[in-house]
Amino acid sequence: MDVKDIIKEENLVYSKPSLLSDKITHYCPGCSHGVVHKLLAEVIEELGIQEKTIGVSPVGCAVFAYNYIEIDWQEAAHGRAPAVATGIARVDPDKVVFTYQGDGDLASIGTAEIMHAANRGENIVVVFINNAIYGMTGGQMAPTTLLGQVTATTPCGRDLERNGYPLKITELIGQLPGAAYVSRQSVHTPAAVRKCRKALRKSFENAMAKKGTSFVEVVSTCSSGWRLSPVEANKWMEENMFPFYPIGDIKDGQKAEAGDFMQQNLKN
Amino acid sequence: MAKVRGAVVVDIEACKGCGLCVVACPHQVLAQNKQVNSRGYHYSFMEHAENCIGCSNCAVVCPDTCITVYRVKSEKTV
């Protein structure tokens, strides 16, 4: 059978989601952002919530996400996306609001915002892209940078004495009673992409069901910042990132009931 | 015996030549072209088209969503 006979409309099994625009992304070759954008577009399309989804993208490589996914977007100041998303979700509770943040944005400058938004149990979805580096500005050390990892500002590797410990922000969020679903995923293999898609879908369903804050960390690569090829970057991530940032669900349920929580407090 | 055959179409201009699809393919169908597209990237192409089973793994991991996958079941005895 000739290839031309196979390439027909009725045999189509995978094509670009319609919510993804035809613009070519500004991301570097092999960047995980592209895969996560695609997954978001697929999930939003699948749930049929294009008209009522609002994305909030603060500073980072994904600041131009509004060019690529055909939904409503709102820009936010660096790190303040959860605060802006809180406002949108409270003013218009029918909307499904999500933020799309990097590790420099969420784990560094925006730590307070995400902590309090998750602790309040806001009905938002937070997509957290963790590539252990400030990718947009040229590969400087981020709070999530691994010990010993070479970056533009730690040329001899991250030093514990000088730079402290890497921040596992997802584990911290998992402790908060307002968080409904906290998960860490990756998009380096087809199987991982499919699992990440499920996690994102669950998060959006939680937001629609008003279960509380859903938080999905995606352990990602930054091949330009790490000075590796995309394939090598995936390998480096598997060998170095996964032992410290293990993949899997950290919390799966819904935010704590007010009654139970008050009793717990009084007993203490 | 029914045999599953597949084919992929790569949007040459959208491909950035990252090579992630080449690694993701379980049957070594894809390879990076020696030629480049208008932006200078070695875009992916089907080097061994006859091996493709249309599993969509390449398209799933593609960060630029430039791969479309087709699959057909042929009732051919091999």
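This is a predicted model: local features need pLDDT of at least 70, side-chain atom pairs count only at pLDDT 80 or more; totals for chains, interfaces and linings use all residues.
I started with the surface of chain B: its accessible area is about 3,800 Å², and 53% of that belongs to carbon and sulfur atoms. Such areas come from the Shrake-Rupley method with a 1.4 Å probe, and for residues only the protein chains shown count as cover.

Residues are numbered from 1 along each chain as its sequence is written, chains are lettered from A and ligands numbered from 1 in the order in which they are written, and side-chain values use heavy atoms, leaving out hydrogens and water.

Next I looked up burial, and 54% of the 78 residues of chain B count as buried (under 20% relative accessible area, 1.4 Å probe, protein chains only).

Then I read off the fold. I found 2 helices and 4 strands in chain B, running β-α-β-β-α-β from the N terminus. Helices (H or I, at least four residues) and strands (E, at least two) are DSSP runs.

I also checked the contacts (heavy atoms within 4.5 Å). Among those in chain B with a separation of 6 or more, 60% join residues 24 or more positions apart.

Along the principal axes, the C-alpha atoms of chain B fill a box of roughly 45 × 20 × 20 Å.

Last, I turned to chain A, where UniProt lists residues 73–218 as "domain: Thiamine pyrophosphate enzyme TPP-binding" in an unreviewed entry. I noted that this span is 39% helix and 21% strand, with its end C-alpha atoms 21 Å apart.

Terms used. Buried means under 20% relative accessible area, exposed over 50%, partly exposed in between (1.4 Å probe, protein chains only). UniProt positions are given in the numbering used here, feature names are shortened, and annotations may be inferred rather than shown by experiment.
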